[in-house]
Amino acid sequence: MRLRTLTLAAASGTALLAAGLLPAHASADPGSIQEGTVSAADLLAKVTSCSQISNGKYKTDDETSATVPVCGKNGAVFWKADMDVDCDGQRTTNCNEDRDPWYQDDTAFHQSDGKPLKAETLPYVVVPSSSSIWNYSGAGIKGGGVVAVVYNNKVEYAVVGDTGPTQIIGEASYATAKALGIDPDPETGGTDSGVTYILFKNSKVSPIESHSAAVSLGDQLARQFIANN
């Protein structure tokens, strides 16, 4: 995210749901077109209207006006925004100081071994740091929580992996962008609109760095989301 800041928070708690076997049509490959058994169209059909739960709205970038509310549904919160590319965390070939002018070597939530996450290989989403606009933890969203990210008729399951500025929304890791066919370059990539983020309340992937666990749990929660809304 442009001119982003980092608010560190400790990831805590144990997994609410243990990772199970992947559904028959699920894929643990971040480059796959479709993850899980729930279609993008079915998810989007449940988020056509917004019951706003944030006290205000967010900007998508520093230079834009605040137009994005956080919306509430049974079992989830969601927003529709752009996608800036986050390359923070462990240094890798495409995520480092040379490739990303805003690079930081840490993430708000850490792997099971205590190290920062790897933006290049792990699909994760950035949530705004808690503020008077909205407090993500008060809404049942936690580090390692499951997110269904929908773009261009594709569904990618990710985890809540980092926190960003208090007034800006719409950011995900290099791996998330790449999986959805969005240019993952942290300086020039991303997309200006068309991304829907559905965050499932009180969920937690364990270990947070297991993408296959995120897909398995995400598919289960997406099916529950469809049934309950």
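**Core, rings and strands**

Modeller: In the largest nonpolar core, which has 62 residues, Trp79, Trp134, Tyr197 and Phe200 touch the most other members. A nonpolar core is a set of buried Ala, Val, Leu, Ile, Met, Phe, Trp, Tyr and Cys residues joined through side-chain atoms within 4.5 Å, and buried means under 20% relative accessible area, with exposed over 50% and partly exposed in between (1.4 Å probe, protein chains only). At least two residues of this core come from each of α1, β2, β3, β4, β5, α2 (174–179), β7 and α3, where helices (H or I, at least four residues) and strands (E, at least two) are DSSP runs numbered from the N terminus. This is a predicted model, in which local features need pLDDT of at least 70 and side-chain atom pairs count only at pLDDT 80 or more, while totals for chains, interfaces and linings use all residues. Residues are numbered from 1 along each chain as its sequence is written, and side-chain values use heavy atoms, with hydrogens and water left out.

Colleague: What makes Phe200 and Phe225 an edge-to-face pair?

Modeller: Rings of Phe, Tyr and Trp (its six-membered ring) pair if their centres lie within 6.5 Å, and planes under 30 degrees apart count as stacked, over 60 as edge-to-face and the rest as tilted. The ring centres of Phe200 and Phe225 are 6.0 Å apart and their planes stand at 75 degrees, so the pair is edge-to-face. Phe200 belongs to strand β7 (residues 191–200) and Phe225 to helix α3 (residues 211–228), so the pair links distant parts of the chain, 25 residues apart.

Colleague: How do you know whether Phe200 is buried or exposed?

Modeller: Phe200 has 3% relative accessibility and therefore counts as buried, and Phe225 is buried too, with a relative accessible area of 3%.

Modeller: Six of the six residues of β4 are buried, so the strand is largely enclosed by the rest of the structure. Both of its faces are covered, with Val146, Ala148 and Val150 buried on one side and Val147, Val149 and Tyr151 on the other.

Colleague: What makes β5 and β7 partners of β4?

Modeller: Two strands pair if DSSP finds at least two bridges between them. β4 and strand β5 (residues 154–164) have six bridges in the antiparallel sense, with Val159 as the bridge partner of Val146, and β4 and β7 have four, also antiparallel, with Val150 opposite Thr196. β4 and β5 form a hairpin with two residues between them, and Asn152 in the turn has a positive phi of about 50 degrees.
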